[in-house]
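Here is a friendly walk through one protein model, moving from its sheet to a helix and then to a single residue. Have the structure open as you read.

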Amino acid sequence: FGIDRESGIAVVDLGPDAAASLAHFCMVASAGPLRATLRVVALNVGLEPQPLQTLLVSTRSQSRLQTAMRQLYDLQVPIVCVASGLTAGLGLSTFLCADYRIAEEGTTLCFDLSNRWQLHLLMRPADRRALQAERGLVPAKAARQLGLLSELCPQAGPWPKRASQRATAFA
């Protein structure tokens, strides 16, 4: 991760082990002088397309992510999140917890058993039924129509730039 101390924006690429990456960032961010300067957190989630069986989430990983998200919320700063590619499992759970959610046009949100419970918190009943009929795979354009995205953007440019632009608006 990287932090611009002048603007107070932290940019964090969660990668394949979202829980561990986020936990590490929260541990560093909550300590000492960094906490006083932090104004916005910009996260990146998403994976290159891969077989869904490799995206199964363990109970331990879910627990680690929940702890890390509580620590992130304790920082009391806005959270901007960018999704690209196939976004599933802990990455999708993290994405859905953000204050402002950005996805590239080619992104697919994959609601599996580890995060389908979040649908009840985020969507109207009719939209949940329509999503479940699609077997939990939601292209970015449909996700925008369902209200799961704050912004849909073309597949162009590095994610930190887009996230930083939105994070600057929050800061």
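Two strands pair if DSSP finds at least two bridges between them; the strands themselves (E, at least two residues), like the helices (H or I, at least four), are DSSP runs numbered from the N terminus. With that in hand, look at Ile 3, which stands opposite Ala 10 in E2. Strand E2 covers residues 9-13, runs antiparallel to E1 and is joined to E1 by three bridges.

A word on the model: it is predicted, so local features need pLDDT of at least 70, side-chain atom pairs count only at pLDDT 80 or more, and totals for chains, interfaces and linings use all residues. Residues are numbered from 1 along each chain as its sequence is written, and side-chain values use heavy atoms, with hydrogens and water left out.

**The sheet**

Six strands make up an open sheet of mixed pairing, in the order E1-E2-E3-E4-E6-E9. Strands E1 (2-4) and E9 (151-153) are at the edges with a single partner strand each, so one side of each has no neighbour in the sheet. From one strand to the next, the twist averages 20°.

**Helix H1 on the sheet**

H1 packs on the sheet and touches E1, E2 and strand E3 (40-45), where contact means heavy atoms within 4.5 Å. The direction of H1 makes about 155° with that of E2; axes are lines fitted to C-alpha atoms, for helices over the stretch in contact, and angles run from 0 to 180 degrees between N-to-C directions.

Which residues of H1 are buried? They are Ala 18, Ala 19, Leu 22, Phe 25, Cys 26 and Ala 29, buried meaning under 20% relative accessible area (1.4 Å probe, protein chains only). Seen down the axis of H1, these buried residues fall within an arc of 135°, so they line one face of the helix; the arc is that of the directions from the helix axis to the C-beta atoms.

**Thr 94**

Thr 94 sits in helix H4 (residues 89-96). Its relative accessibility is 1%, so Thr 94 counts as buried. Setting aside neighbours within four places in sequence, Thr 94 is in contact with Leu 14, Leu 22, Leu 43, Val 45, Leu 65 and Met 69.

**The protein as a whole**

| Property | Value |
|---|---|
| Secondary structure | eight helices and nine strands |
| Buried share of the 171 residues | 44% |
| Share joining residues at least 24 apart, among contacts between residues at least 6 apart in sequence | 68% |

Note on methods: Buried means under 20% relative accessible area, exposed over 50%, partly exposed in between (1.4 Å probe, protein chains only).
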